[in-house]
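Please look at the model below.

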Amino acid sequence: CNKQLMLVWELVDVETDFDFISLNGVKYNGETAATMPYTFIGDLEIHFTSDPMTTRKGFTVNWACVHEVTPLPTVADVPVEVHAPTAEVPTAAAPIDGGHCRQRHAPKGTIDYPAGPNDYKNNADVCFTISCNKQLMLVWELVDVETDFDFISLNGVWYNGKTATTMPDVMVGDLEIRFTSDGSITKKGFTVRWSCADGPATTN
């Protein structure tokens, strides 16, 4: 993969101290499986070995190449600019989307806002909640929102078109995704695939 590689470990059941899963040369077994990484950059070699005695179920991993990897700028590369005041980042408030978050239930799925080919509307204020009792994997397939004026909030941390590349791919526990837009320019919105790495999950 020449991009960012996301891994969702749905099953890791190997014998402790004797059977191993190697990720680019780093070995893990039944005892250290919880520390296996969920994100890689570039190619990945998965190598499994077992001894001649006890056997287990093995492993199941879902993977996806997410987006192009661009190097972070150094301090010297970042120009100093003076900007006019921009719209204030919104604060948490209710009601949202008629007083509640959108309700759906599934073990994993996709949130596509807005659904369909059209841009999102002006003055939008909608939210989605995902309940997950373990590790929550996020694959951001599209993030196209207006810089400095339209925002995606993940548990109260706000992102826009400028900061979208810093949005997390892994979270733990419940997640509230909230989107707000101002009264002028609109764009395509966002699409995120999500999956609970261990245990059930629901969207509300």
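**Disulfide and salt bridges**

Cys 196 is buried, at 8% relative accessibility, where buried means under 20% relative accessible area, exposed over 50% and partly exposed in between (1.4 Å probe, protein chains only). Its partner in a disulfide is Cys 132, with the sulfur atoms 1.7 Å apart; a disulfide is a pair of cysteine sulfur atoms within 2.5 Å. The pair joins distant parts of the chain, Cys 132 in strand E8 (residues 125–132) and Cys 196 in strand E14 (residues 189–196), 64 residues apart. Strands are DSSP runs of at least two residues, numbered from the N terminus. Cys 132 is buried as well, with a relative accessible area of 3%.

This is a predicted model: local features need pLDDT of at least 70, side-chain atom pairs count only at pLDDT 80 or more, and totals for chains, interfaces and linings use all residues. Residues are numbered from 1 along each chain as its sequence is written, and side-chain values use heavy atoms, with hydrogens and water left out.

The count of salt bridges is 5, each a side-chain nitrogen of Lys or Arg within 4 Å of a carboxyl oxygen of Asp or Glu. One of them pairs Glu 10 with Lys 108, the closest N and O atoms being 3.8 Å apart. Glu 10 lies in strand E1 (residues 3–13) and Lys 108 in strand E7 (residues 108–113), so this pair ties together parts 98 residues apart in sequence. Glu 10 is partly exposed at 36%, and Lys 108 is partly exposed at 45%.

Terms used:
Helix = DSSP H or I, 4+ residues; strand = E, 2+ residues; numbered from the N terminus.
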